[in-house]
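Have a look at the fold before reading on.

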Amino acid sequence: MDNKLYKLMDWPAIEEIVYSESSQPCSILGGHLVKEGYLIQVFRPDAVSVSVSVSERKRAIQLEKVDDAGFFAALIPIKKNVKYVLNIEDKNGHITRLRDPYSFGRFDKSEVIFNKFAAGTEYNAYNLLGNKVCEKDGISGVLFRTWAPNALRVSVVGEFNSWDGRIYQMERITDNGIYEIFIPQLEAGQEYMYEIKFKGTNTVLKLDPYARQITQYADAHSVTGEPQAVQDNVKWVKQRKQIKGVNKPLSILEIAYDNIPVNKAKVNYMDIARYITEYVKDTGYTYVLIKGSDSIFEKTGYCYGASGYYAPSSQYGTATDFKHMIKELHNNGIGVIIDFNVAYFGIDIRSIVNYDGGDCYGYLKPRIIEKPQMNITTFAYEKGEVRSFLISAIAMWLDEYNIDGIKITDTATMLYLDYGKNPGEWTPNMYGGNENLDAIEFIKQMNEYVHKRNDGVITIADEKSLWSDVTRNNDNEDSLGFDYKLNDGFNEEFFEFVKQDPLFRKGMYNRVTYEMLYHYKEHFITNLTYEALKDDTLYAMVSGNDDKQRLSDIRAVLGYIYTYPGPVCVSYGNDTGALVSVDDDKMQILSRLEEPAYKQMKAYIKALNTLYTTDNSMYEADSSSDGFEWVDNYNAELTVYSYARYSSDNDMDIVAVNFTPVERKAYELNVPKAGKYKLVFNSDNEEYGGDGKVEAVVVKSAVEADSNDRYKMFVDIPASAMVVYKYEPYTDIEIKEIQIKNEAKAAKVEAEKRVDLAIELADKAEEEAVRAANAEKEAKESLRLAQNARKEAEKKALEAVKESERIDEEMKLRLSQLKK
């Protein structure tokens with residue numbers, strides 16, 4: 001080796017690179033201007049020889065192999081920085097020409113953005129980290145960045161370097177652990193991973209947490225590049241802001257990818273879009289909540305642990321395919337809500353767990369009672385980098401995919417330090433409590449970001465604890481800031497009630513009404529989600545000896561849920577009863593939906609959605625107790641509930657639900673307003689599979705209130721059914737007409753009483769006359785007086801009859817004058 005070159009070698013630093021333990025490879029590798037000239041150093045363990053082509057020289061300059069591990073160096077007698085190309089010859093004699101990744105220096109100076117990332121306020125971190133196809137100094141390639149503060153070394157590996165982590169070692173560019181490398185001539189569509197060496201020499205392969213695309217096979221890899229741009233339905237995105245609000249109708253269908261009944265070997269995103277569109281058009285929902293697969297927790301599934309944050313599941317197609325699915329749904333007026341987990345991550349070694357050999361993304365391990373099989377880790381919300389990672393992920397789904405809503409799963413695991421833990425297994429917060437203060441602030445920050453966008457996106461909390469002020473009710477500053485919370489308290493009481501035999505439901509009657517005592521403290525969504533049903537189905541839960549009876553009971557249950565205050569979320573298969581057992585596969589559900597009874601159930605759910613989304617009384621005053629009033633919540637014996645729903649203009653519907661298989665004829669309701677009540681909905685209609693027994697289309701209440709300021713009326717409620725009556729007030733003429741008729745009726749009754757009395761007196765007089773005539777000892781004068789009394793009685797009876805006829809004539813005259 002040339003002595004001058006030898007003296008320029010920094011052997012300790014070279015050893016770090018040779019052993020792949022360097023976090024600052026740019027200090028050695030690449031070209032560096034030194035006192036003696038221009039020093040180029042290259043580490044290519046896959047090379048037999050390396051030369052460089054320099055623009056100032058006609059011939060390539062051969063680099064000397066100064067270390068047998070594959071470290072090459074050359075000193076060029078030039079006193080300036082030069083551009084050069086590496087000529088790398090492998091053992092097969094194949095020569096590859098490429099620009100040296102270490103000749104480009106720092107890609108850009110982004111200290112301000114990096115500082116925001118570290119502070120937890122950079123909401124576009126997906127443009128900062130991950131991979132980005134771009135240009136540097138006029139050369140195209142891919143820029144890679146990742147955050148790994150505890151790593152000893154980070155490398156990019158792929159087919160382009162034979163998955164050799166020694167070749168493209170990344171440069172640590174910030175104190176908080178951001179690594180970077182620009183690899184020239186690399187294109188979009190290349191599979192890659194990060195090879196991370198922990199302190200302690202252990203080396204692992206990791207998916208890029210910020211990757212926007214992943215491969216479609218089980219042994220998943222990150223993929224360079226971004227999904228293709230897809231022009232979404234601009235009209236939909238603009239109108240979304242107008243249709244959002246706590247007093248706007250929100251009818252959600254929950255559906256899992258695995259439930260899409262497409263009869264083909266592999267379902268793709270467009271299959272999913274087509275089926276959802278067809279089903280929603282048939283049933284009338286306004287949004288779909290797309291539920292991911294639990295396979296993400298299995299060893300073969302990596303998308304939850306890493307790619308699930310910035311890339312859709314590759315099981316059904318590419319990220320671009322997913323964009324087309326969202327566009328198709330939007331084109332058909334269907335909003336899209338996704339399940340998103342910022343509460344914890346799984347244990348797959350390729351994911352972010354133990355990402356850099358430390359706990360950079362999280363370390364607390366809660367135990368979820370409902371999912372004890374899950375080995376999970378809670379995020380470290382106190383770290384700004386983690387907050388930026390999570391909120392940026394949400395921002396990416398909203399910006400790039402135009403997602404309309406985010407449901408945050410298992411929120412309770414975030415809120416409590418002792419969630420699922422025994423005493424001694426957790427550390428209290430600074431105030432000695434069990435609240436996770438950092439997680440609370442993160443949730444508020446996340447919701448504040450979403451709502452400041454002011455573009456109609458909604459956030460939903462799946463929160464099962466008794467935490468207060470989860471939603472933005474009355475703009476409470478202590479609120480976590482969600483738009484809605486799933487109403488698990490309602491489910492706990494109502495489902496237990498529904499599970500009972502109808503004869504015994506009366507024993508749990510009052511538990512169903514309990515929820516209304518706290519209902520308006522939050523903005524609740526009444527839900528029949530898969531998780532809420534807890535490995536059960538609505539069909540299995542209800543009562544009945546056959547399909548007809550069970551479907552009738554389901555209609556009553558759904559009718560109650562849809563007319564109860566708040567938006568609704570119902571899971572596919574449970575909305576029609578077609579999901580009979582949790583073991584049913586998707587084709588069994590599809591087959592049942594083709595049967596007449598279940599086609600009628602689809603018609604029923606569409607009618608319910610139409611009622612809910614078009615009748616203002618069903619949603620306009622949802623956020624206020626003024627929108628709901630119990631009419632009958634005390635008849636446990638007959639197990640009937642009745643309540644009034646009000647619009648913002650005080651329009652009113654009366655709902656009555658019979659939870660027994662016994663028809664309630666002439667059932668007395670004491671309603672808040674006097675008027676006419678038109679039947680606008682009956683779950684027992686024949687078109688829905690019922691018997692169609694209710695005949696009265698309009699029911700009239702009493703005009704005068706009782707002592708409780710209520711007005712009596714009588715309705716027929718079919719067995720296991722829900723009916724809705726739309727209120728219409730009496731006109732002044734109708735009230736006077738009713739009063740005249742009532743007065744005439746009363747007068748006629750009085751006249752008839754007088755007729756009856758006169759007849760009774762005549763009969764008595766006749767009896768007296770007979771007795772007088774037959775009594776030989778009676779004086780003739782007594783006979784004469786008795787006969788006169790009879791004549792007088794007959795005269796009075798005749799007068800009473802004439803009086804009754806006169807009253808009838810007078811009533812007819814008054815009614816005719818009133819109508820003039």
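Axes here are lines fitted to C-alpha atoms, for helices over the stretch in contact, and angles run from 0 to 180 degrees between N-to-C directions. Helices (H or I, at least four residues) and strands (E, at least two) are DSSP runs, numbered from the N terminus. The model is predicted, with local features needing pLDDT of at least 70 and side-chain atom pairs pLDDT 80 or more, while totals for chains, interfaces and linings use all residues. Residue numbers start from 1 along each chain as its sequence is written, and side-chain values use heavy atoms, leaving out hydrogens and water.

| Pair | Residues | Angle | Axes apart |
|---|---|---|---|
| H11 and H15 | 488-499 and 547-563 | about 155 degrees | 12 Å |
| H3 and H8 | 111-119 and 384-401 | about 95 degrees | 5 Å |

H11 and H15 are therefore roughly antiparallel (angles over 145 degrees count as that). Their contact (heavy atoms within 4.5 Å) is made by Phe490, Phe494 and Val498 of H11 with Val557, Tyr560 and Ile561 of H15. By class, that's 6 nonpolar residues, no polar and no charged ones. The classes go like this: Ala, Val, Leu, Ile, Met, Phe, Trp, Tyr, Cys and Pro are nonpolar, Asp, Glu, Lys and Arg are charged, and the others, Gly among them, are polar.

H3 is roughly perpendicular to H8 (65 to 115 degrees). On the H3 side sit Lys116, Phe117, Ala118 and Ala119, meeting Gly384, Glu385, Arg387 and Ser388 of H8. This contact has 3 nonpolar, 2 polar and 3 charged residues.

Now for the strands, which count as paired if DSSP finds at least two bridges between them. An open, antiparallel sheet of 6 strands runs in the order S28-S29-S30-S35-S32-S33. S28 (628-635) and S33 (698-700) are at the edges with a single partner strand each, so one side of each has no neighbour in the sheet. S28 and S29 (residues 640-646) are joined by 5 bridges, and asparagine 635 has valine 640 in S29 as its bridge partner. H15 turns up again here, packing on the sheet and touching S28, S29, S30 (652-658) and S35 (721-729).

Elsewhere, S7 (residues 84-89) and S8 (residues 95-99) run antiparallel, joined by 5 bridges. Leucine 86 stands opposite leucine 98 of S8. The hairpin has 5 residues between its strands, and glycine 93 takes a positive phi near 85 degrees.

Methods
Parallel < 35°, antiparallel > 145°, perpendicular 65-115°, else oblique.
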